[in-house]
Amino acid sequence: MKQKKIDFITYPQEAHMVGDGFRVHNLLPYNEGMSQREMDPFLLLDYNAEMTIEPGVPRGVGEHPHRGFSTVTFAYKGSIAHRDSRGNKGVIGEGDVQWMKAARGVLHEEMYEKEFAKKGGQFQMVQLWVNLPASEKMSDPSYQAIAHQDMARYELADGGGIVEVVSGQYKTVTGSAKSVTPVHMMNARLKNGARADFSFPSHFTTLLLVVEGSVEVNGVEVPRDNVLKFKREGEDFEIVATSDNTIVLVLSGEPLNEPIAARGPFVMNSHTEIQQAFADFGNGEFGELQSE
């Protein structure tokens, strides 16, 4: 096997608000070298770097639609309440992951969970959009809630930490999340000096985000809140934690190599399909949120 080559490392650009509750750095697709085509099958990565939420009322993003992809939300600090037009609802708390396959259409909202909003505290989240192939874009939506305590785990040697597997596989451990196409998602939680080695097919799109602490990857330093993107060359790389309580989000997925037509909350394969999505939304075909 051959070592995977680093393409570049980038730090968060200026943050912007999504709704009235999420202050996010859009790490893709708007950074150079991270377009939707270059990051296929990953469409968007919004990173709410750690921030302090003052006590108050629930804020966030109100009712809005999606079609043509899946949203995956990783909660690192704080908690969010989710509900959607398919009748799904729940709280995404620290360490939890929510995977919503929007497919042919979902309305949903994401707000600070009431008790968290009332008390305030530290808040840190990632939302990732993963494209669906043309054959699945108009399939039925689905919802997966993966509680932190139920997450698949691989114990590293010498008590150096764990790799939590959300989807795909790490060594002998397989994640519980069901993805339509091959996508590996995992959190490496490492003590200072601990090592974790990874291997993904060379043609997969592979990147990592340092959520806490700092690491060396193939001998190159990567600080907190930075993203490292690999070239589509080689298979293997190693992460070495250079601080305690390090958390690294590792993502690797097989490109779909299909046309991408994106506008707002819809991602399809053609402009005509985007127009149809807006028409269907306007006609109420995405359903409605039930009153709480």
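Strands, like helices, are DSSP runs numbered from the N terminus (strands E, at least two residues; helices H or I, at least four), and two strands are said to pair if DSSP finds at least two bridges between them.

Within this sheet, β20 (residues 215-217) and β23 (residues 236-241) run antiparallel and are joined by three bridges; Val 215 stands opposite Ala 241 in β23. The loop between β20 and β21 contains Asn 218, a residue other than glycine with a positive phi, near 50°. Asn 218 counts as partly exposed at 23% relative accessibility, given that buried means under 20% relative accessible area, exposed over 50%, and partly exposed in between (1.4 Å probe, protein chains only).

## Basis of the values

Residues are numbered from 1 along each chain as its sequence is written, and side-chain values use heavy atoms, with hydrogens and water left out. Because the model is predicted, local features need pLDDT of at least 70 and side-chain atom pairs count only at pLDDT 80 or more, whereas totals for chains, interfaces and linings use all residues.

## Val 210 in strand β19

Val 210 belongs to strand β19 (residues 205-212) and counts as buried, with a relative accessibility of 0%. When neighbours within four places in sequence are left aside, Val 210 is in contact with Tyr 47, Val 215, Val 222, Pro 223, Arg 224, Asp 225, Asn 226 and Ile 247, contact meaning heavy atoms within 4.5 Å. The C-alpha atom of Val 210 is separated by 20 Å from that of Pro 41, a residue 169 places away along the chain.

Eight of the nine residues of strand β6 (residues 69-77) are buried, so β6 is largely enclosed by the rest of the structure. Strand β6 runs antiparallel to β11, to which eight bridges join it, and Thr 71 has Trp 129 as its bridge partner in β11. Five bridges join β6 to strand β9 (residues 97-101), again in an antiparallel arrangement, with Val 72 opposite Trp 99 in β9.

The loop between β6 and β7 (80-84) holds Ser 79, which counts as buried at 10% relative accessibility. Beyond its neighbours within four places in sequence, Ser 79 is in contact with a set of residues including Val 91, Ile 92, Gly 93, Met 111, Tyr 112 and Phe 123.

## The largest pocket

The largest pocket has a volume of about 480 Å³. Of the 27 residues that line this pocket, Val 18, Leu 44, Asp 46, Gln 127 and Trp 129 are the closest to its centre. The elements that give two or more residues to the lining are β2 (16-18), β3 (22-28), β4 (42-53), β5 (60-66), β11 (121-131) and β25 (261-263), and the largest share, five residues, comes from β11. By class, the lining residues divide into 15 nonpolar, nine polar and three charged, where Ala, Val, Leu, Ile, Met, Phe, Trp, Tyr, Cys and Pro count as nonpolar, Asp, Glu, Lys and Arg as charged, and the others, Gly among them, as polar.

A pocket is here, on a 1 Å grid over the protein atoms alone, an open set of points where a 1.4 Å probe fits, with protein on both sides within 12 Å along at least five of seven lines, and lining residues have an atom within 4 Å of a point. Grid points are joined across faces, edges and corners, and the volume is the space filled by probe spheres set on the points.

## Backbone features in loops

A cis peptide bond joins Leu 28 and Pro 29, with omega about 20°; Pro 29 lies in the loop between β3 and α1 (36-39). The peptide bond from Asp 40 to Pro 41 is also cis, with omega near 15°, and Pro 41 is found in the loop between α1 and β4.

Asp 158, in the loop between β13 (152-155) and β14 (161-167), has a positive phi of about 60° although it is not a glycine. Asp 158 is exposed, its relative accessible area being 83%.
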